[in-house]
There are 4 protein chains.
Amino acid sequence: MDFAPSVRATGLVDRVRGFIAEEITPIEADYHRSVAALRDSGADPWNPLPVLTELRTKARAAGLWNLFLPAAHAGEYAARFGTDGGTGLTNVDYAPIAEETGRSFLAPHVFNCNAPDSGNMEVLLQFGTPAQRQRWLEPLLDGTIRSAFGMTEPDVASSDATNMAATAMLDGEDVVINGRKWWTTGIGHRDCAVIIFMGLTYPEAEKHRRHTMVLVPVDTPGVRIERMLPAMGRYDEPFGHGEVSFTDVRVPAENIVLGPGRAFEIAQGRLGPGRVHHCMRLIGLAESALAAACARGVERTAFGRPLAQLGGNRERIAKARIAIDAARLLVLNAAWKLDTVGAFGALSEISQIKAHVPMMAQEVIDFAMQIHGGAGLSDDVPLSAAWTTARAVRLADGPDEVHLDVVGRLELAKYMQGR
Amino acid sequence: MDFAPSVRATGLVDRVRGFIAEEITPIEADYHRSVAALRDSGADPWNPLPVLTELRTKARAAGLWNLFLPAAHAGEYAARFGTDGGTGLTNVDYAPIAEETGRSFLAPHVFNCNAPDSGNMEVLLQFGTPAQRQRWLEPLLDGTIRSAFGMTEPDVASSDATNMAATAMLDGEDVVINGRKWWTTGIGHRDCAVIIFMGLTYPEAEKHRRHTMVLVPVDTPGVRIERMLPAMGRYDEPFGHGEVSFTDVRVPAENIVLGPGRAFEIAQGRLGPGRVHHCMRLIGLAESALAAACARGVERTAFGRPLAQLGGNRERIAKARIAIDAARLLVLNAAWKLDTVGAFGALSEISQIKAHVPMMAQEVIDFAMQIHGGAGLSDDVPLSAAWTTARAVRLADGPDEVHLDVVGRLELAKYMQGR
Amino acid sequence: MDFAPSVRATGLVDRVRGFIAEEITPIEADYHRSVAALRDSGADPWNPLPVLTELRTKARAAGLWNLFLPAAHAGEYAARFGTDGGTGLTNVDYAPIAEETGRSFLAPHVFNCNAPDSGNMEVLLQFGTPAQRQRWLEPLLDGTIRSAFGMTEPDVASSDATNMAATAMLDGEDVVINGRKWWTTGIGHRDCAVIIFMGLTYPEAEKHRRHTMVLVPVDTPGVRIERMLPAMGRYDEPFGHGEVSFTDVRVPAENIVLGPGRAFEIAQGRLGPGRVHHCMRLIGLAESALAAACARGVERTAFGRPLAQLGGNRERIAKARIAIDAARLLVLNAAWKLDTVGAFGALSEISQIKAHVPMMAQEVIDFAMQIHGGAGLSDDVPLSAAWTTARAVRLADGPDEVHLDVVGRLELAKYMQGR
Amino acid sequence: MDFAPSVRATGLVDRVRGFIAEEITPIEADYHRSVAALRDSGADPWNPLPVLTELRTKARAAGLWNLFLPAAHAGEYAARFGTDGGTGLTNVDYAPIAEETGRSFLAPHVFNCNAPDSGNMEVLLQFGTPAQRQRWLEPLLDGTIRSAFGMTEPDVASSDATNMAATAMLDGEDVVINGRKWWTTGIGHRDCAVIIFMGLTYPEAEKHRRHTMVLVPVDTPGVRIERMLPAMGRYDEPFGHGEVSFTDVRVPAENIVLGPGRAFEIAQGRLGPGRVHHCMRLIGLAESALAAACARGVERTAFGRPLAQLGGNRERIAKARIAIDAARLLVLNAAWKLDTVGAFGALSEISQIKAHVPMMAQEVIDFAMQIHGGAGLSDDVPLSAAWTTARAVRLADGPDEVHLDVVGRLELAKYMQGR
């Protein structure tokens, strides 16, 4: 159980923190205000502002690019597109970097490490054919295109992924895709070029061998973004979450990832590191919220005393500190298990963090909002956006309850031998 | 402890429920979608859609107008502007009506019973001069103007209302107002004509005798809506919450309510019934959320079973049922105490509900969102808006913590005799 | 929804409160200390101390005897054995009396209103034959014998009462009983003369028609108290909870209550009022604990301030006040439904309180223990005994989870029509 | 952040686990039953049964003795009295051993590692004079005597240790001790020879320089065990918690530890490792409780399914797994900080675990009790004793609230610069 990042990773954490402090934080509030002003004035808020593009260029020049690239699978890409020409990082190494990026809404994208692109790149690294990698992975690593992931469907309870009813039928050399997805994150971005679509191919097969992942170029005829979805009233421009219909969408069978009926094999591999990233970013977000709560708590005064000294506030700050530290250790432990025994061996730990950390973050942020009074609900401080992020992750990639159930089943399995 | 509404009130509950079911529910989702479409397309979402005006006319014609009018203070106004020419209702009588209206976002306004107008009308009923009533109360009751309440300030912790720093200085026959308020709810409405402003008059007086309430016409020179504030990303058109600056705003001293330095006397009287209304509306909202959760829970299937039968969902439904029922009884008890022993005697009960009910509603709605999956975060179901409403009430009119503190102090006071 | 007790009941509440204050409270701590001293010194702690018998005589003389007698079923017994020769009380009337008695560990017995005797008397009132009533009910009402209830079994999950495996087989004119019960409360008392035993008669019948209730005199051959069970280390002398074996115990079939296979019919009727009583007593207990917490909180000082003013203590006191008041209202509501629509109509409300109130009491008492420091764990204050009582009721008469499940099922049933 | 125990420690964990499994577990339930039988029959339950002495001899022979001896201070004692003649262990090394011993009530004593003896030995190791060590430390390490710690007082809120009012006054060559302590753990043991007494010496000094620790032989005239205190009804024979009066107790000044007025310096040093031990033992206890809950949950059936599959039980099992794992990581982190930066640098971490872990354990055990039904409250399974242990640690060595307050203050201090 060694959760200490390597020397190289420690250096990267410092550089990431420094870059965020010097380059991103000074412009971040303005960025969001500018987008809001565009939106409120009826202008188009979906075009990334130029400063975002500049920041990405700077980050890449600073060697802080594609940091998520996994040591296990990065290979030559780490050398060509990664940081300092080095190999990729382990999960334990990357975790504290993810935490730093999670303190900013822009940072993950600035460092080309944001969901769902990072997860999609991992899928291609791990399971893509050379042709698929050349066509999609390289421009993603290069930052010239973006991607989306199409899994959840409006018409079925997608918490049970085997419910997915959109189809990806083999037809000669092609795959023909029909159905409707929503919460397809990233689809709103101008550069989004490809969707990793997951659909039903073999309805009669064993439950986890029915579905297929297919790379679908966004401009394929029959792909239609029906609408962008607000989450808690927010569109998260310039990425956004879309509802996308697929009507007789035809792509060559060579766009299938890994093979027909093998979507769940991929999902299993994709989701371990992704969940660590999500959770570490939320820990960064919770840390920011706690910092804001403390700063507000010592600065504002009511009934003759700083807010932090009133009623149970100091206890709530203590509990938030404990909750964040415990959650971070849980995530580091899951990352360490991923690194040392792999996704299958870390099944419980990965589900533990996915079930536990978003709720922890939601609660810490809710407290931070409360101590901010009305400002906490406004957009003057980034807490209400942070809350929405944490709340959304309680559903994204499987609701809390599904992950708790995995943990519970694995625990009980130890006592079921011979039953 | 008799919480049963009178026969007349029971009839009104039924009529209100019927009106909502027949007139409001069928158009409500469309209403919000239309406003969102205006907003997203860059058009002005602040004009109430014509259907809202029509509904108000219908409601008035149906005798469901100004139902909030309190038996204790309604007098002739109940006959002229109230329901069926009758006297006003007690708090126990009005409570179940408020619950019904709380199940819809439009209903309170349709019945001319929405905050802050109802509270403002009560202030004028109870403390207004005949001239003030004629100028402001009658058109409010008539529905031809709307009003706002200016209390919270951006620069001080307004949880301690004695912190309020905006000034209302006496200057000969006039009051001169300076300062800045925010979360001035209702100020965005096209018909908003008057703000009840609360400001500092006697900085050296005893803490609760320093502030004054003044009726400030919105079009008085020096009044400026600086911006509208989003709460959790939402503007709540067509009412909205504004940040309003007051620069050398001069109104005649006859616009003072009750008398200079007497704002806290008014606040005490205003807030009792208002808190009952807020809480009962939230109970209606929580009931709607639980109904939606149950309906979804029996309809959607995952892992081969309806969602409601999975994991702890049925327990959560049971706990929500218990929490709502307990909360309703607490509010009815507070209403009954208000009716029987008055605001001062009901101090603990009123603070109890304000501290307890919004959090209860927030938690029930959060669960309902969760069982809805991604839809719960979207605007396809009204849960995310409902959550925001409950969350906002945890701060509006004093944060939970302030009300808990009142309850705690009153409880401990019983043990402090002779200390 | 009228929860106000009648004038007669209000008078009784006052008299009960007065009797406890004047007669029981002054000796109660000594009573428990004396029993503990007997126990610690190796003497027999199971003989009720003479003062307890004297208090019962006084209570009866004061007309505070068998107050639980239900208006619905009391008949002539209320006149002969009840209070002031009056009719019995409704559940709403008796509830506040039960709350008062719950503040003392001795009071329920002093007033001949303790579980399981009161519930057993209700069974006999409602379902007993004239002969059964004469032999068992009259001496119970007269206070000359005591009784026990044998339901839970050590070898099966008794949360599902249909699991009960001990048998009550018909054999000619007799019933033959075999099996083992535990948590048979009251069996330790020297005067315990009869057990209401519930056992399996028709293994092949529909699940709720398999079991029979039989009156088994404690001295019947084959009945053996195997041991007395400590609950959280306490034996609750002089009543106690026993593990009782039944080996070929033969009693005449006329000892069957209501009829073979009809035990669940009886249980349903017995448990409604009993649950109201349990819950109201726990509310009294929680009130005592909160009072003790407040008294301690204002009296003791740490870090220069009274404990009640430190950290979140005042908030915890406020939350306890809210929790107790909400719980009381829930129980009164259940009592009122029992009175107005009967046990079947009050099914959800009865389960709500049984699922909710014991946990509420446990939490309030846990807080009171905490603010008492080490004293809270000792027997110097009655908090640790109170905690154990509340904890035990979370399992007695069905665990919380079973009652939550009933509430959840009833709630969902509203949405299942046509499914 | 390397939480992995050393190779030597890993071996010790295995040997401890093996010893417990082979030697202690098989007799433990019988041990407690035998003590209970003595108690219930009026015999003396305070004499340790012979098997306990035998187990200690075996454990010592097996080289599993005084494992707590700290690497930092063990010196020659580790060679003479420690395990395998080796040096002491770091906190990270000892932590998993403490967890194993916490799964049994007897194990800590069998391995001579139980509180308060281990803490007292650490005090003597770290601060004792050679003479003090020879007289008290060596026989403690040798297991021939036992010790107690006298800090908490019945008459003041001892959560604020500066409240302590019992006196230790310098009088020539002597110290004269007066006052009353309670919750003096271990005083009931037949071999208890010495109390480390903490009392007031300089009432006018700065708050943390007023008190002195003195070694007081139990047989000094004027020392009187007034009574043994039950915690939640249990006496914890053969150790017990006593109320002890000190009347003009005179001991030589050379019995003072470190120096007059220096008690708080010692307390600080003593408590860090002691809190890690307490918390790790509670984690072991919580693991046992969860294991029992799972085993019961898969074995017992109700409503046609194993209990573990009913309602929210599987979720509760998952949450317990997460809570235990998170708590263990927090404790390991605190141990690692103690090892790497010392008690002062680990102040927040040590308070975090003391505030968090006992409550976690209490909740997990409460759930385990609940799923066991009536058995959970009985002494047939060790859950009610486990609950009491966890509950007591929430007060022992400072209540949760005091530790939360330390965490909160340290967190806020980061934001107080310049204020």
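This is a conversation about a predicted model and the terms used to describe it.

Colleague: What kind of model is this, and which residues count?

Modeller: The model is predicted, and local features need pLDDT of at least 70, side-chain atom pairs count only at pLDDT 80 or more, and totals for chains, interfaces and linings use all residues. Residues are numbered from 1 along each chain as its sequence is written, while chains are lettered from A and ligands numbered from 1 in the order in which they are written.

Colleague: What makes the relation of chain A to chain D that of a two-fold axis?

Modeller: Copies are superposed by least squares on the C-alpha atoms of residues with pLDDT of at least 70 in both. A rotation of 180° with 0.0 Å of shift along its axis puts chain A on chain D, at an RMSD of 0.0 Å. Therefore the relation is that of a two-fold axis. In chain A, Asp2(A) has the C-alpha nearest the axis, 2.0 Å from it.

Colleague: How do you know that the same surface serves both copies?

Modeller: Two residues are in contact if their C-beta atoms, placed from the backbone, lie within 7 Å. Of the contact residues of chain A, 100% recur in chain D.

Colleague: What superposes chain C on chain B?

Modeller: A rotation of 180° with 0.0 Å of shift along its axis does, with an RMSD of 0.0 Å. The C-alpha of Asp2(C) is the nearest to the axis in chain C, at 2.0 Å. Because 100% of the interface residues of chain C are also interface residues in chain B, the copies meet through the same surface.

Colleague: Which element gives the largest share of the side of chain C that touches chain B?

Modeller: 35 residues of chain C are in contact with 35 residues of chain B. The largest share on the chain C side, 12 residues, comes from α9(C). Helices here are DSSP runs of H or I with at least four residues, strands are runs of E with at least two, and both are numbered from the N terminus.

Colleague: How does that side of chain C divide by class?

Modeller: It has 19 nonpolar, five polar and 11 charged residues. Ala, Val, Leu, Ile, Met, Phe, Trp, Tyr, Cys and Pro count as nonpolar, Asp, Glu, Lys and Arg as charged, and the others, Gly among them, as polar.

Colleague: Why is α1(A) called roughly antiparallel to α2(A)?

Modeller: Axes are lines fitted to C-alpha atoms, for helices over the stretch in contact, and angles run from 0 to 180 degrees between N-to-C directions. Angles over 145 degrees count as roughly antiparallel, under 35 as roughly parallel, 65 to 115 as roughly perpendicular and the rest as oblique. Helix α1 (residues 7-40) and helix α2 (residues 50-61) of chain A pack at about 170°, with axes 11 Å apart. That angle makes α1(A) roughly antiparallel to α2(A). Residues making the contact include Phe19(A) of α1(A) and Leu55(A) of α2(A).

Colleague: What makes β4(C) mostly covered?

Modeller: A residue is buried if 20 or more other C-beta atoms lie within 10 Å of its own, exposed if 12 or fewer, and partly exposed in between, with C-beta atoms placed from the backbone. In strand β4 (residues 192-200) of chain C, eight of the nine residues are buried.

Colleague: How many bridges pair β4(C) with β5(C)?

Modeller: Two strands pair if DSSP finds at least two bridges between them. β4(C) and β5(C) have seven, in the antiparallel sense, and Met198(C) stands opposite Met213(C). Five bridges join β4(C) to β1(C), and these strands run parallel.
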